[in-house]
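Subject: A structure to look at, with notes

Dear colleague,

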Amino acid sequence: AGFSIRRGEGGVFFVPGFPVMAWPMIEWVLDTQYAALHGSGVQREHSIIVFGSMEATLTPLMEQVEAAHPGVKVFSLPCVDDQHEFGRHIDLGVKGRGEGLGAAYAALKHGLAHLAVRCGPETVR
């Protein structure tokens, strides 16, 4: 579980290092403790699970998508969750604000098709 030292301005919040655990905790902190400071330009994410590839193979595609779509960031999160249904995979996606996000995600998926990698479920946050 997470914990905090001083809530509000100047507060420090500690969460686990695993994104699947940390994400909801940080989301709660932002929504309840700092609601007035965020949300004016909501950031969205579109991601896809990629099987059987390495980040080094995907890096040129990630750089191309980011260069072609200003304001959009590409992310990759390698996962080794043997207990999960996906096993070893990469959560690959784009995040940002505004209209360009959909086009960036389409470009990412197009590039993955050319790399002939096996893809799984998609997520929108």
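The notes below go through a pocket, a strand and some aromatic rings.

Please keep in mind that this is a predicted model, in which local features need pLDDT of at least 70 and side-chain atom pairs count only at pLDDT 80 or more, while totals for chains, interfaces and linings use all residues. Residues are numbered from 1 along each chain as its sequence is written, and side-chain values use heavy atoms, with hydrogens and water left out.

The largest pocket holds about 650 Å³ of space. A pocket here is an open set of points on a 1 Å grid over the protein atoms alone, where a 1.4 Å probe fits and protein lies on both sides within 12 Å along at least five of seven lines, and lining residues have an atom within 4 Å of a point; the volume is the space filled by probe spheres set on the points, which are joined across faces, edges and corners. Of its 20 lining residues, Pro19, Val20, Leu77, Cys79 and Asp91 are the closest to the centre. Helix H1 (19-33) and the strands S3 (44-51), S4 (72-81), S5 (87-96) and S6 (118-124) each give at least two residues to this lining, and S4 has the largest share, with six. Helices (H or I, at least four residues) and strands (E, at least two) are DSSP runs, numbered from the N terminus.

Strand S3 is mostly covered, since seven of its eight residues are buried, where buried means under 20% relative accessible area, exposed over 50% and partly exposed in between, with a 1.4 Å probe and protein chains only. S3 runs antiparallel to S5, joined by seven bridges, and Ile49 stands opposite Asp91 of S5. S3 also pairs with S6 in the antiparallel sense, over five bridges, and there Ser47 has Thr123 as its bridge partner; two strands pair if DSSP finds at least two bridges between them.

The structure has one aromatic pair. The ring centres of Phe3 and Phe14 are 4.6 Å apart and their planes meet at 10°, so the pair is stacked; rings of Phe, Tyr and Trp (its six-membered ring) pair if their centres lie within 6.5 Å, and planes under 30 degrees apart count as stacked, over 60 as edge-to-face and the rest as tilted. Phe14 counts as partly exposed because its relative accessibility is 35%.

Best wishes
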